[in-house]
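Please look at the sequence and the structure before reading the points below.

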Amino acid sequence: MPASPPVTLETLPRWAGELLEQARVARLSYVDERDRPRVLPVTFAVEGGAVWSAIDEKPKRTRHPARLRHLSRRPGAALLVDVYDDDWSRLAWVQLMGTVEIVDASSARDALTALAAKYTQYAERTPPGPLLRLKVERALQWRAAGGSPPSAGSSRRDHSLQDPG
């Protein structure tokens, strides 16, 4: 049986694309200088067929965070966006794997615009950068089947994902 083509950013199911649009935070994984795994929460936006994250002005120990050094040395990375709910019928995740390029903010205006549209903080104060551009080479996704939104009177936040069909 022939292998099915890998799922990419462009071929994700609609619910997975909506999850990427709506999610406020993702987890970026990469390896450090000793090839130990690292995971970091990041803000992100999808623009121009790639996923972008900015080095912004949140407090950091140095102007050039270690992730820049690590990703310069070994640019392979994965980005995970997930939905957790105590109702396990609502669980979902999207994992994007690829190569990260470190890009000067001045040459990534469309990415900065996409980030500013998603995050008020970036609209008010443009991140100085640099930006991380994840070129997605492979995508995986999963969601629990049969999830339904909470009832209209529920005070719980709706984490349901709509089925494209």
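The model is predicted. Its mean pLDDT is 85, and 81% of the residues score at least 70.

**Confidence**

- Where pLDDT is low, the predicted coordinates should not be read in detail.

**The largest nonpolar core**

- This core holds 42 residues, and Phe44, Leu79, Leu96 and Leu131 have the most contacts inside it.
- Three helices are listed as giving two or more residues to the core: H1 (14-22), H2 (66-73) and H3 (109-118).
- The strands that do so are E1 (26-31), E4 (50-54), E5 (76-83), E6 (92-103) and E7 (131-143).
- In soluble globular proteins, nonpolar side chains tend to be buried together.
- Leaving aside neighbours within four places in sequence, Leu131 is in contact with residues including Trp52, Ser53, Ala54, Glu101, Ile102 and Val103.
- Others in contact with Leu131 include Ala105, Ala108, Ala111, Leu112 and Leu115.

**Helix H2**

- Which residues of H2 are buried? They are Arg67, Leu68, His70 and Leu71.
- Seen down the axis of H2, these buried residues fall within an arc of 165 degrees, so they line one face of the helix.
- Arg69 and Ser72 are exposed, and they sit on the face of H2 turned away from its buried side.
- The cover over the buried residues of H2 includes E1, E2 (37-42), E5, E6 and E7.
- Ala66 also belongs to H2.
- Ala66 has a relative accessible area of 26%, so Ala66 counts as partly exposed; the partly exposed range lies between the buried limit of under 20% and the exposed limit of over 50%.
- Ala66 and Asp32 are 34 residues apart in sequence, while their C-alpha atoms are 8.3 Å apart in space.

**Val46 in strand E3**

- Val46 lies in strand E3, which spans residues 45-47.
- Is Val46 buried or partly exposed? Its relative accessibility is 37%, so Val46 counts as partly exposed.
- Not counting residues up to four places away in sequence, Val46 touches Leu9, Leu20, Val51 and Ala114.
- Val46 and Lys118 are separated by 72 residues in sequence and by 9.9 Å in space, C-alpha to C-alpha.

Terms used: Residues are numbered from 1 along each chain as its sequence is written. This is a predicted model: local features need pLDDT of at least 70, side-chain atom pairs count only at pLDDT 80 or more; totals for chains, interfaces and linings use all residues. Side-chain values use heavy atoms; hydrogens and water are left out. A nonpolar core is a set of buried Ala, Val, Leu, Ile, Met, Phe, Trp, Tyr and Cys residues joined through side-chain atoms within 4.5 Å. Buried means under 20% relative accessible area, exposed over 50%, partly exposed in between (1.4 Å probe, protein chains only). Helices (H or I, at least four residues) and strands (E, at least two) are DSSP runs, numbered from the N terminus. Contact means heavy atoms within 4.5 Å. pLDDT is the predictor's confidence in each residue, from 0 to 100. The arc is that of the directions from the helix axis to the C-beta atoms.
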